[in-house]
Amino acid sequence: MCYFQLCSEDYHWWWRSFFTSGASALYLFLYASYYFLTRVHIAKKASLISGLIFFGYMTVISYAFMVVTGFMGFIATFLFIRIIYASIKVD
């Protein structure tokens, strides 16, 4: 993604590299929602509170996962760009 963005002379790659790799957190949250709706069986009295606690924790975990994977994607893209620009010969 970042290489194609640089080829089109768009040099604002920082946030795209972060959010592209951090988008896996969306999959994590959607799968947790699917798991909650299909596999978790909670008594009807406590279902609202348990659901709020479950989705609250999953929101925090998904956000932390996005920050970690986004940071790793940014560092990988940063190193890639340093390598490809270091190989350019300027006379």
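Biologist: Which residues does serine 17 touch, not counting residues up to four places away in sequence?

Modeller: Contact means heavy atoms within 4.5 Å. On that basis serine 17 touches Gly70, Gly73, Phe74 and Thr77. This is a predicted model, in which local features need pLDDT of at least 70, side-chain atom pairs count only at pLDDT 80 or more, and totals for chains, interfaces and linings use all residues. Residues are numbered from 1 along each chain as its sequence is written, and side-chain values use heavy atoms, with hydrogens and water left out.

Biologist: Is serine 17 buried or exposed?

Modeller: Buried means under 20% relative accessible area, exposed over 50%, and partly exposed in between (1.4 Å probe, protein chains only). Serine 17 has 7% relative accessibility, so it counts as buried. A polar atom of its side chain lies 2.7 Å from the backbone oxygen of tryptophan 14.

Biologist: At what angle do the axes of helix α2 and helix α4 cross?

Modeller: Helices are DSSP runs (H or I, at least four residues), numbered from the N terminus. Axes are lines fitted to C-alpha atoms over the stretch in contact, and angles run from 0 to 180 degrees between N-to-C directions. Helix α2 (residues 14-22) and helix α4 (residues 47-86) cross at roughly 130 degrees, their axes coming within 7 Å. Angles under 35 degrees count as roughly parallel, over 145 as roughly antiparallel, 65 to 115 as roughly perpendicular and the rest as oblique. Therefore α2 is oblique to α4.

Biologist: How do α3 and α4 pack?

Modeller: Helix α3 (residues 24-38) packs on α4 at about 160 degrees, with the axes 8 Å apart, so the two are roughly antiparallel.

Key: Polar contact = N/O pair within 3.5 Å; in protein donor to acceptor, adjacent residues only side chain to side chain.
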